[in-house]
Amino acid sequence: MPTKKPRNPDHVRRRNTPLADNEAISEHLKNLLSPAIYAQSAYYRSLGLRDRILNLSLMVAAMLTVIWRQVASVHELTRMLEQEELLWGKAVKVSQQGLSQRFLSFPAELFERVFHDLLPLLKSRWLLREKRTLPAAVKYAKKHFVNIWIADGVNTRSFIS
């Protein structure tokens, strides 16, 4: 009787497809990031970067889409840019080579500056979140367990008794 050869999982071709868009999260990201992106536009121009199709706003939207929706390749991102509006960026036709070159030449410092502009806002929101009263179920669980983890889809918090 012939036996099957065992499969090596390292050799299996993975078929990653981007996750579906969520309008509520897209709107939240847009409201959160728009002021930080526009605050960096003067610095963007001072670096000699022009406001072309793949500008700061669209590059931040593309990078967040790659991370959040788990886009597997630049080819897939190029297709998505052409067919969909990504976060706040309008649908735009770009070549895969152009997008790849833009990612290679785009200063990472711009992403860093946008992130640093967000930190005070995120910290103030976190402090407000910490002041909220705990739900009854969490209070009950804290009495009976040393450590509990709560995931609410936005963040994860640990409560240690």
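Predicted model: local features only at pLDDT ≥ 70, side-chain atom pairs only at ≥ 80, totals over all residues.
Residues are numbered from 1 along each chain as its sequence is written, and side-chain values use heavy atoms, with hydrogens and water left out.

**View 1. Helices α1 and α6 pack with their axes 8 Å apart.** Helix α1 covers residues 23-39 and helix α6 covers residues 108-130; helices (H or I, at least four residues) are DSSP runs, numbered from the N terminus. The angle between the two is about 130°, where axes are lines fitted to C-alpha atoms over the stretch in contact and angles run from 0 to 180 degrees between N-to-C directions. The pair is therefore oblique, a word for angles that are not under 35 degrees (roughly parallel), over 145 (roughly antiparallel) or 65 to 115 (roughly perpendicular). The crossing of α1 and α6 is right-handed, that is, the near helix is turned clockwise from the far one by less than a right angle. On the α1 side, His28, Leu32, Leu33, Ala36, Ile37 and Ala39 take part; they meet Val114, Asp117, Leu118, Leu121, Leu122 and Arg125 of α6. Contact means heavy atoms within 4.5 Å. The residues of this contact divide into nine nonpolar, one polar and two charged. Here Ala, Val, Leu, Ile, Met, Phe, Trp, Tyr, Cys and Pro count as nonpolar, Asp, Glu, Lys and Arg as charged, and the others, Gly among them, as polar.

**View 2. Tyr44, Phe106 and Phe111 form a cluster linked by ring pairs.** Rings of Phe, Tyr and Trp (its six-membered ring) pair if their centres lie within 6.5 Å; planes under 30 degrees apart count as stacked, over 60 as edge-to-face and the rest as tilted. The count by this rule is two aromatic pairs. Tyr44 and Phe106 have ring centres 6.3 Å apart and planes at 40°, so this pair is tilted. Because Tyr44 lies in helix α2 (residues 41-46) and Phe106 in the loop between α5 and α6, the pair ties together parts that are 62 residues apart in sequence. Phe106 and Phe111 have ring centres 5.3 Å apart and planes at 50°, so this pair is tilted. Phe106 is buried at 6% relative accessibility, and Tyr44 is buried too, whereas Phe111 is partly exposed at 23%. Buried means under 20% relative accessible area, exposed over 50%, and partly exposed in between (1.4 Å probe, protein chains only).

View 3. Thr65 is found in helix α3 and is buried, with a relative accessible area of 1%. Gln70 is in the loop between α3 (56-68) and α4 (74-83) and has a positive phi of about 55° although it is not a glycine. Leu87, in the loop between α4 and α5 (96-105), has a positive phi near 50° and is likewise not a glycine. Leu87 is buried at 14% relative accessibility.

**View 4. Glu84 sits in the loop between α4 and α5.** Glu84 is partly exposed, at 24% relative accessibility. Not counting residues up to four places away in sequence, Glu84 touches Arg69 and Ala91. From Glu84 to Asp21 the distance is 9.9 Å, C-alpha to C-alpha, and the two are 63 residues apart in sequence.
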